[in-house]
Amino acid sequence: MQWLYDVAYFFGGVFLTNALPHFISGLMGRPFQSPFAKPPGEGLSSSTVNVLWGFLNLVIAYVLLCRVGNFNLRSTDQLIAAGLGVLLFGTITARQFGRFHGGNEPVSTVVMKECGTPDETL
């Protein structure tokens, strides 16, 4: 039965990771991709939508981390489960959204494309 708690903590880490970019972008007044945009996950949603979506993700993360079982930061297996959720989902979303914001390419290539120079490696 303990493994079910670890699964909940893993997904708590996933939802916590998903909450951060949406909530912070919304607080900064910046549009950001969300499942409610057109096309979903690619188009931009308003800052208000992102604050609401980020807050909902925070609530879900709270429920999974603080209300399921007895999450303890000093318990190695529980911390690893939540940390793996953060790391795995963070890596996946970095790759997914990096294609929209230039995060998947070296800085020199992005700068060259924006300046209109030929696409060469430096």
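This is a guided tour of the structure, stop by stop.

**Before you start.** The model is predicted: local features need pLDDT of at least 70, side-chain atom pairs count only at pLDDT 80 or more, and totals for chains, interfaces and linings use all residues. Residues are numbered from 1 along each chain as its sequence is written, and side-chain values use heavy atoms, with hydrogens and water left out.

**Whole chain.** Color by secondary structure. The protein chain has four helices and two strands. Read from the N terminus, the order is α-β-β-α-α-α. Helices (H or I, at least four residues) and strands (E, at least two) are DSSP runs, numbered from the N terminus.

Now switch to a surface. The accessible area of the protein chain is about 8000 Å², with 68% belonging to carbon and sulfur atoms. Areas come from the Shrake-Rupley method with a 1.4 Å probe; for residues, only the protein chains shown count as cover. Of the 122 residues, 30% count as buried. Buried means under 20% relative accessible area, exposed over 50%, and partly exposed in between (1.4 Å probe, protein chains only).

**Annotated spans.** Residues 7–28 are 95% helix and 0% strand, with end C-alpha atoms 32 Å apart. Residues 79–98 are 100% helix and 0% strand, and their end C-alpha atoms lie 27 Å apart.

**Helix H1.** Select Phe23, in helix H1 (residues 2–27). Phe23 counts as partly exposed because its relative accessibility is 24%. Leaving out residues up to four places away in sequence, Phe23 touches Asn50, Val51, Gly54 and Phe55. Contact means heavy atoms within 4.5 Å. Draw a distance to Val51: the two C-alpha atoms are 4.5 Å apart, though 28 residues separate them along the chain.

Step to Asn18, also in H1. Asn18 is buried, because its relative accessible area is 14%. Its side chain makes a polar contact with the side chain of His22, at 3.5 Å. A polar contact is a pair of N or O atoms within 3.5 Å; within protein, one must be able to donate a hydrogen and the other to accept it, and residues adjacent in sequence count only if both atoms are side-chain atoms. Beyond four places in sequence, Asn18 touches Trp53, Asn57 and Phe89.

**Nonpolar patch.** Select Leu16, Leu20, Ile24, Met28, Phe55, Leu58, Val59, Tyr62, Val63 and Val86. They make a nonpolar surface patch of about 820 Å². H1 and helix H2 (47–67) are the elements giving two or more residues each. H2 gives the largest share, five residues. Patches use residues with over 30% relative accessible area and no salt bridge; like charges are joined within 9 Å, nonpolar side chains (Val, Leu, Ile, Met, Phe, Trp, Tyr) within 5 Å. A salt bridge is a side-chain nitrogen of Lys or Arg within 4 Å of a carboxyl oxygen of Asp or Glu. Ile24 is partly exposed, because its relative accessibility is 42%.

**Loop and strands.** Go to Pro39, in the loop between strand E1 (32–33) and strand E2 (44–45). A cis peptide bond joins Lys38 and Pro39, with omega about -5°. Most peptide bonds are trans.

Finish at Ser45, in strand E2. Ser45 is buried, because its relative accessibility is 6%. A polar contact of 2.5 Å joins its side chain to that of Ser34. Not counting residues up to four places away in sequence, Ser45 touches Pro31, Phe32, Ser34, Phe36, Ala37 and Asn50.
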